[in-house]
Amino acid sequence: MIKAEINDQELLAHLDSLEEDKLRIFTMADGRVRGALFHGTRFVNQLRLQHNLGILETYILGQASLCAALTIPMMKDMEHTAIKFEGHGDEPGFSVEADSTGYVRGYLFNPHIPLEKPLESWNLGPFLGEGNLTFSRVHKDDKYPQSSTVQVEGRNIAQDFASYFAQSEQINTAFNSSIQFDKKGRVIGAGAFYLQVMPLTGGNGRLGAQVDSHTEESEEDLIILRKIENAVKACPSLGLLYSEKEVDSEDIILGLFREFNPIITLKRDIKYDCPCNEEQFINYIKHLPASQLEEIKKEGQSLQIKCENCGSLYTIPLDKIF
């Protein structure tokens, strides 16, 4: 990827004052619940720059990419997940990909959404509308991806991700994501978290393999789950929290879920990045049909190719191809 650089000095100074972008994985409620919290302010700024997006477009792709990043802790071994939304609105959809190595990339099908009037809310229904959300997973030894599609409302991307896991994976999962803009439309805070209720066969020894996975939750478990649900609903805007210099991710986790004794088990980097490069495109072009290669020769001294996934624009001299 050709990394776009931030030139806004005021924004750079703000970003330098914030906690570093990081994903923190944690468990709580005696192993009954697992989750992850991702601070992604720089992450969202990067994807915005790569695709030169406006505020609404940044909000949509940013939300989708933050939620995609949260699927990385759920992956096993070497895995790659492509997530696609296809709807019928002015924004017909998006494609985002998350890789177990720690990168996320993606794009909007329409990077310039027409607006007839100023936004009144962040309800995305008028722009995305109802549609299908598809997850396609590829493990390192798979010949073909494993895909599953569910219908979602298209009003709130985090809720659509939760709906996917409830319908397709049969796992109670909550997603929460938020992006904060300042008065000039800059992204000054962004973050997301997920919580997932583990089957009774998971967790620690007390809730371990000796427990029948079909056993209904105890009254104690149901009380805990209701309390956690209330904590999720009470969570303030993560984007607003992360826009404040004194806020720290570990404080957010402990503050929201203190009574469930959360334990942070891992911290890792997540980047908005893409493995594309000039050599990759040159190799692709060299294997095009002869008729297309003849047309390319007529282009002049160089050929421009844009990577759809990250917005990188490569100017390739023709003498590197022929």
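View 1. Tyr-314 counts as buried because its relative accessible area is 7%, buried meaning under 20%, exposed over 50% and partly exposed in between, with a 1.4 Å probe and protein chains only. Its side chain reaches the backbone oxygen of Cys-276 at 3.2 Å. The C-alpha atoms of Tyr-314 and Leu-61, 253 residues apart along the chain, are separated by 22 Å.

**View 2. Asn-309 in the loop between β12 and β13.** Asn-309 is placed in the loop that links β12 (302-306) and β13. With a relative accessible area of 14%, Asn-309 is likewise classed as buried. Residues up to four places away in sequence not being counted, Asn-309 touches His-51, Glu-97, Arg-105, Gly-106, Tyr-107, Tyr-272 and Cys-274.

View 3. Five strands form an open sheet in the order β8-β9-β2-β1-β10, with antiparallel pairing; two strands pair if DSSP finds at least two bridges between them. Strands β8 (173-181) and β10 (263-268) are the edges, each pairing on one side only. On average, neighbouring strands of this sheet are turned by 15 degrees against each other, direction ignored. Axes are lines fitted to C-alpha atoms, for helices over the stretch in contact, and angles run from 0 to 180 degrees between N-to-C directions. Strand β1 (residues 22-28) pairs with β10 in the antiparallel sense over 5 bridges, and Thr-27 stands opposite Ile-263 in β10. Helix α2 (residues 41-51) lies across β2 (33-39), β8 and β9 (187-197), at about 115 degrees to β9. Helix α3 (residues 55-70) lies across β1, β2, β8 and β9, at about 145 degrees to β8.

**View 4. An aromatic cluster.** One aromatic cluster is formed by Phe-135, Phe-161, Tyr-164, Phe-165, Phe-175 and Tyr-194. Rings of Phe, Tyr and Trp (its six-membered ring) pair if their centres lie within 6.5 Å, planes under 30 degrees apart counting as stacked, over 60 as edge-to-face and the rest as tilted. The count by this rule is 16 aromatic pairs.

**Notes.** Residues are numbered from 1 along each chain as its sequence is written, and side-chain values use heavy atoms, with hydrogens and water left out. As the model is predicted, local features need pLDDT of at least 70 and side-chain atom pairs count only at pLDDT 80 or more, whereas totals for chains, interfaces and linings use all residues.

Definitions and conventions: Helix = DSSP H or I, 4+ residues; strand = E, 2+ residues; numbered from the N terminus. Contact = heavy atoms within 4.5 Å. Polar contact = N/O pair within 3.5 Å; in protein donor to acceptor, adjacent residues only side chain to side chain.
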